Amino acid sequence: MDTIRIIFPIAVALVAILAQISVWSPRRLWVKVTALVTITLFLPVAYISLETLLSRPKPVEMDWASENLTDASVLAARIDEEESIYLWLAVSGIDEPRSYVLPWTEETARELHAAQQGAEREGSDVKIRRPSESGEDDQEPMFYAAPQETPPEKQTATTGPQVFQRSASNR
């Protein structure tokens, strides 16, 4: 939602500049009125299109803002065979999860399925490597089961065992 609060006012400012240019240009009256009507209709259409895009998954190749993203946790995935792979990712440094769509390939779908099974066996999460660079490196799989976190080391007692001593008043 923060994106709309930034992009829409910029769009309104640009449209206002175009409106000023169209009003003050040396054109016929009907051309000026047509320009103003078009600009007036543009604003609700732009707002509705931005609102609609919020609920749609973003294609991974269009995620220019996360170029330095190395890996993310896959919170949920849905494979639509022969169509797309939909992912819900938790990206470090970003508070809310992001929705992405990958083009469907059999190899990617198999990697995701294998990583999901491995993560279920190990009790860990599914991770995705460089989601913005899908398919560029065939050496490493895109999806993998995260290794289990090592449990914290047990604290060793520096003193001997504790022994209960009865007090004289309890006898």
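Residues count as buried under 20% relative accessible area, as exposed over 50%, and as partly exposed in between. This cut-off is applied below to a predicted model.

The chain contains three helices and six strands. From the N terminus, the order of elements is α-α-β-β-β-β-α-β-β. Of the 171 residues in the chain, 25% are buried. The accessible surface amounts to about 13400 Å². Carbon and sulfur atoms account for 56% of that surface. Contacts between residues at least 6 apart in sequence were also examined. Of these, 49% join residues at least 24 apart.

The aromatic rings were considered next. A pair of aromatic rings is described by the distance of the centres and the angle of the planes. One aromatic pair was found in the model. The pair consists of phenylalanine 8 and tyrosine 47, with ring centres 5.1 Å apart. Their planes lie at 75°, and planes over 60 degrees apart count as edge-to-face, so this pair is edge-to-face. Phenylalanine 8 belongs to helix α1, residues 2-24. Tyrosine 47 belongs to helix α2, residues 29-54. The pair therefore ties together parts that are 39 residues apart in sequence.

The two partners were also assigned by accessibility. Phenylalanine 8 has a relative accessible area of 18%, so this residue is buried. Tyrosine 47 has a relative accessibility of 33% and therefore counts as partly exposed.

A further ring carries a charged neighbour. Arginine 129 lies over the face of tyrosine 144. The distance from the ring centre is 4.1 Å.

Definitions and conventions
Residues numbered from 1 in each chain as written. Predicted model: local features only at pLDDT ≥ 70, side-chain atom pairs only at ≥ 80, totals over all residues. Heavy atoms only, no water. Helix = DSSP H or I, 4+ residues; strand = E, 2+ residues; numbered from the N terminus. Buried < 20%, exposed > 50% of the residue type's maximum accessible area, 1.4 Å probe, protein only. Contact = heavy atoms within 4.5 Å. Areas by Shrake-Rupley, 256 points an atom, 1.4 Å probe, with all protein chains shown as cover. Phe/Tyr/Trp six-rings, centres within 6.5 Å; stacked < 30°, edge-to-face > 60°. Lys NZ or Arg CZ within 6 Å of the ring centre and 35° of its normal.
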